[in-house]
Structures are given as structure tokens and as C-alpha cells.
Amino acid sequence: MPWQWISRILNRDQLIGNQHEQMPNVSYSSTKDPKQIGLDESAESPVNELSQVLETAFFCWLLDCDNSDLQIDSEQRQHKVQTILKALDQDALSLDKIPRRPSSFPLLIKLLNSDNTSNKEIADALLADPALATQTLKTANSPFFRTSSETIESVDRAVFMLGSQGIRNIISATVMMPMIKGNNSQEAVFSKKVWQWGLLSATASDQYSYLQGDTAGPIYLLGLLPALTYLLIYQSLQSYQNTHPSSNEIEPSVIRTVIQERSWRLCHDICQQWGLPPSSNKYLLDAERPSPATPNTPLRDGIFIGTHKVLQASSRSPIGDQQAFLLSGASNRVNRKVIQYLSERVN
């Protein structure tokens, strides 16, 4: 997720007005241990300071590094970033690496958006794509989606147990799952972390949309896109490193900067390639370049809260739930419901 837009988001009057008091400036040297970062969880810090702390903690967790490792502190490293970006744009970061959109996707979305669709119609549409049906069962039985100890053995049963909204989310997640792999242990760990973050961000975005009365649309799938782009960029960086051994290991600061520079662009590219509805680009733009005139931004809010919760699950979030609420444009009532929903699925 490119974080340059966070300061613009968080300087909005309506968010600043939620602050009750300000803390002294936050300072820390590492997010390996949240207790070391000097943030008093019982108080509320300025909103943009919270976002900076959360952003740094996220990349330190994701790349298993310290805060100091994320600084572009030399001209040589800045030149390396530009060289890599040019190479990725020319060749390595190719859209042909994007997972396929299931051929049955348009029909499924149409069925899922209709109040008159039967469970049998949804199941038949899934079964028409054997690969998607198999992956749907695998995903439905994963810990994140499974609602009981009972194994779901058929697509019919999956539709009955999970309902149309649950199937919608599983179909969307299934699109991303082929990317969750690693050729080495480092890539495997990165993939697993990004997958966890993507699920939480997508689920939170979907809940914000639902609780605020938005139409379901493609919001869950859009919540997965930033994580999908992170995987694409990281794997492209690994390929670049293998073909340019003289570049040495790509530093965490370079990885973070390249991700920030290209993630949103890739999100828009994927939307276009998959033929997602025009509303998809609006959701992305509202998250990337939010406006005070847009009261509900479920994708942006979902990514913020998803980031907080994935760090909290590993005892690495430097902020508490109440502080995380300041990063959202939603009401505290909605924020509490989203946090509770996510907590039930993380714990």
C-alpha cells in the first residue's frame, strides 16, 4: 500500500476534530518490540503521527527489519531504486503474471448480486469451473473461513453453509491464492504475511461497506488487490535480483520504496485487465486520493484497520484499537463492530 497519501487523508478536518488531546512527538528506533517505540497506548497521538508509526511498524513486520533499515539514506540507494523501477516497468513487472480471472466470474457476480438467485444456481456456476470449485472448497475449509468443525465436502454444502456473501468472499480470495507460494523460505514467509494482511484488509473493507449501507459490489476483491500487488512486486524483485547478481541483495528500504511507487498503479491495471466495473476505480481512487467530500471510504478504512489487526495478532501493533479508530472515517460504532468481527476470525 503506498503510504504517501496517508498525510493527505489524515489532515482532514473531520478526523482532526476527533482528537481529544495530543501527545509529545513519537520517537523510536525499532518496531521489533512495540514497547520500545515510545507510544503511550493510553493516550491519543496526532493522527498523522499514528499513521507514520503504523506504516513503519507494518513494513518492519513485513520485511523482518528495524526502522533504521527502511531509510533511503544514500544517493547510491536512491539510484538503485530508480534503476529497479525502470527495469520493472520495461520487463520484469509483467501483467501476464497476474492470476487469471475465473471465466465464470462475471456470471457468479451477477448471480450473487441478485436477491432471486438460488443456492443451486450459485453451486452450478461454481461447478462449471472445476479449478475454481476445487479451490473454493479448499478455501472454505481454511481456518479463516471455516465456521464450524465440520468439513465442507461439496460445493452445494459450501453454498448452504456460508451463504452468498461468504461465497462471494471465497471466490474473490481464490483469485489470489495461486500467488501464495515461495521458491525459498524468505519469499514463503513474505507471501504468508501478505496473505494474512490481504484477508484482514479485504474482510474489514467488506464489513465497512456492509455496515454503512453500501452495495456489496467488488469491495472484497478490491481489498485483496493491494496484497496481490505486493506479491507481484516482491516476486518481480526476486527475479530482478537473480538476473542482476551484481546488484547484491535488495535492501528493505528499496523494497518498501518500490512497493510504494508501483502498488496503486498495478491495482488499476488489474482492474482494467479483469474487466471489473467502473465503480472499482472509484473505490481505488477514494482510497488512494481521498476527498473530504467522500463520507464513506470502506476500502481505505479497511486497509488501515486490517494493517492494525494483522500487527496486533503478532503483538506488533504500536497502537491500540481506540487509536486505530482515528485512522478511519467511520463512526466509532461501526469501527467497534469491524474490530470485533476481525478479532473473532484472528483469535
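This report looks at aromatic ring pairs and at one helix face in a predicted model.

Let's start with the rings. The model has 7 aromatic pairs. One of them joins Phe-58 and Trp-61, whose ring centres are 5.9 Å apart with planes at 40 degrees, so this pair is tilted. Planes under 30 degrees apart would count as stacked and over 60 as edge-to-face.

Both residues sit in helix α3 (residues 47–63), 3 residues apart, or about one turn of the helix. An α-helix has 3.6 residues a turn, so residues three or four places apart point the same way. Phe-58 is buried, at 0% relative accessible area, and Trp-61 is buried as well, at 5%.

## A stacked pair between two helices

Next comes a pair formed by Phe-190 and Tyr-234, which is stacked: the planes are 10 degrees apart and the centres 3.8 Å apart. Phe-190 belongs to helix α9 (residues 185–211) and Tyr-234 to helix α10 (residues 219–243), so the pair ties together parts 44 residues apart in sequence.

Phe-190 has a relative accessible area of 2% and is buried; Tyr-234, with a value of 2%, is buried too.

## An aromatic cluster

Phe-58 and Trp-61 turn up again in one aromatic cluster, together with Phe-59, Trp-197 and Tyr-230.

## The buried face of helix α6

Finally, a look at helix α6, which spans residues 119–127. Its buried residues are Ile-122, Ala-123, Ala-125 and Leu-126. Viewed down the axis of α6, these residues fall within an arc of 160 degrees, so they line one face of the helix.

How values were computed:
Residues are numbered from 1 along each chain as its sequence is written. This is a predicted model: local features need pLDDT of at least 70, side-chain atom pairs count only at pLDDT 80 or more; totals for chains, interfaces and linings use all residues. Side-chain values use heavy atoms; hydrogens and water are left out. Buried means under 20% relative accessible area, exposed over 50%, partly exposed in between (1.4 Å probe, protein chains only). Helices (H or I, at least four residues) and strands (E, at least two) are DSSP runs, numbered from the N terminus. The arc is that of the directions from the helix axis to the C-beta atoms. Rings of Phe, Tyr and Trp (its six-membered ring) pair if their centres lie within 6.5 Å; planes under 30 degrees apart count as stacked, over 60 as edge-to-face and the rest as tilted.
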